[in-house]
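Student: I would like to learn how to read the features of a model, one at a time. Please give the general idea, then the case at hand.

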Amino acid sequence: MAGCRSYLRGLSICVTVLLLVSGVVMIGVGFSSIDGTPVAEVFGPITVVLSVLGVCAAALDLKPLLLLFSALIFVEFVALMVVAAPLVQVQAQMDGAVNEVFLNVTPLHRAELYIQTELNKLQASDSCCGLRGFEDWETQLPVTCRCSPAAAAPLQPNSRLGDVGSEGPCVTVGGDLYPPTSEVTETLWVHSEPCGPILKSYLSFPIKIRIGIISAFATIAMAAIALCLALGLEEHWKTPPVETIVDDFDRVKYQPKPSLT
C-alpha cells in the first residue's frame, strides 16, 4: 500500500507539472475566443498559479490543499469549456462559408485580379489547379495549372471534361476544352488535385491549434483532478489495518491495529 501511494503521489506531481506546462503554452500562444475573450491571457496565468499550488500540495502531502486544488481546477475546466465551445462550431461553419465563397468566385478567369494572382501562387507552390478542380477555370487554364506528363500516371488518352481520371498527380484535358494553339498541343496535362482543400487547411489551421491546446489542457486537467482527489480522499478509500484478539471467553474481536508512528 505504501508503494502504491508513493507511485500515485509521484504521478500526480508529474501530471500537475504537465498542467503547468500547458498554462505556459497558452500564455505563449496567446489566442482568443470567437467573441474576442482573451482566453490565453485569462486562463493561462490561472493555470500556472493553480499548478504551482497543486505541485506543492502533492509534494508536501497536504490533503486539504489537494482537495482545494482539485475543486479550483475543475471550476477552471468548466469555465474554459464554456468559453471555447464555439470554436468547434466555427470549425464546421467555416467549411460551409468557404465553399460558398468558392462558388461565388467561379469561373476563376472572371474573378478579381488579386484573387487570380494569389491562386496562381498557390497553384505553383502546391501543384494544384482550381478551387474545386481545373474546371473552375473553364477554357482559360493558366500556366500554373500545367503538369509535367512525366509525373502523370498512365490514363486513357483523349479524356474529356467530366470523365477525367483521378489517379496520379496529372490528368489530360482534351482539345475540345482547351483548343490547341501554337504554344499548346492538342492534349494538355494539368494538376488533378484542387486547391480548395489546401486553402481550407491553411484557413482552419489557427482554429485547429486552439482546439488542440484546449483538448490537451482538458485531458491533463481531468487526470490531475482524479489523482489529487485520490490522494486527498485517501482516508476514505484506504482500508485501515486491523488485528484480531481473543478475549477470556474465546471470542474473536477485530480492532484497528495500532500505528507504529
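The dialogue below takes up the fold, a helix, a surface patch, the disulfides and the backbone angles.

Student: What kind of model is this, and how are residues numbered?
Tutor: This is a predicted model, in which local features need pLDDT of at least 70, side-chain atom pairs count only at pLDDT 80 or more, and totals for chains, interfaces and linings use all residues. Residues are numbered from 1 along each chain as its sequence is written, and side-chain values use heavy atoms, with hydrogens and water left out.

Student: How many helices and strands are in the chain?
Tutor: Helices (H or I, at least four residues) and strands (E, at least two) are DSSP runs, numbered from the N terminus. Here the chain has six helices and four strands. Read from the N terminus, the order is α-α-α-α-β-β-α-α-β-β.

Student: What share of the chain counts as buried?
Tutor: A residue is buried under 20% relative accessible area, exposed over 50%, and partly exposed in between (1.4 Å probe, protein chains only). By that rule 34% of the 261 residues count as buried.

Student: What span should helix 5 have?
Tutor: The expected span of a helix is 1.5 Å times one less than its number of residues. Helix 5 covers residues 196–232, and its 37 residues should span 54 Å. The C-alpha atoms at its ends are 53 Å apart, which agrees.

Student: Where in helix 5 is the kink?
Tutor: The bend at a residue is the angle between axes fitted to the seven residues ending there and the seven starting there. In helix 5 a kink of about 45° lies at serine 204, shortly before proline 206.

Student: Which residues form the nonpolar patch on the surface?
Tutor: Patches are made of residues with over 30% relative accessible area and no salt bridge; like charges are joined within 9 Å, and nonpolar side chains (Val, Leu, Ile, Met, Phe, Trp, Tyr) within 5 Å. A salt bridge is a side-chain nitrogen of Lys or Arg within 4 Å of a carboxyl oxygen of Asp or Glu. Accessible areas come from the Shrake-Rupley method with a 1.4 Å probe, and for residues only the protein chains shown count as cover. In this model the patch consists of Val17, Val21, Val25, Val29, Phe205 and Ile209, with about 460 Å² of accessible area together. Helix 1 (2–29) and helix 5 are the elements that give two or more residues to the patch. Helix 1 has the largest share, four residues. Valine 17 is in helix 1 and counts as partly exposed because its relative accessibility is 36%.

Student: How many disulfides does the structure hold?
Tutor: A disulfide is a covalent bond between the sulfur atoms of two cysteines. The criterion used is a pair of cysteine sulfur atoms within 2.5 Å. The structure holds three. With the bonded cysteines numbered in sequence order, the pairing is 1-6, 2-3, 4-5.

Student: Which parts of the chain do cysteine 128 and cysteine 195 link?
Tutor: The sulfur atoms of cysteine 128 and cysteine 195 are 2.0 Å apart. The pair links distant parts of the chain, 67 residues apart: cysteine 128 is in the loop between helix 4 (113–126) and strand 1 (170–173), and cysteine 195 is in the loop between strand 2 (188–191) and helix 5. With 100° about the S-S bond, this link is right-handed. Cysteine 128 is buried, at 0% relative accessible area, and cysteine 195 is likewise buried at 0%.

Student: What is the handedness of the disulfide of cysteine 129 and cysteine 145?
Tutor: Cysteine 129 is joined to cysteine 145 with an S to S distance of 2.0 Å. The torsion about the S-S bond is about 90°, so this disulfide is right-handed. Both cysteines are in the loop between helix 4 and strand 1, 16 residues apart.

Student: What is the phi of aspartate 61, and what is that of serine 127?
Tutor: Most residues other than glycine have a negative phi. Aspartate 61 has a positive phi of about 55° and lies in the loop between helix 2 (39–60) and helix 3 (63–105). Serine 127 has a positive phi near 55° and is in the loop between helix 4 and strand 1. Aspartate 61 is partly exposed at 22% relative accessible area, and serine 127 is partly exposed at 37%.
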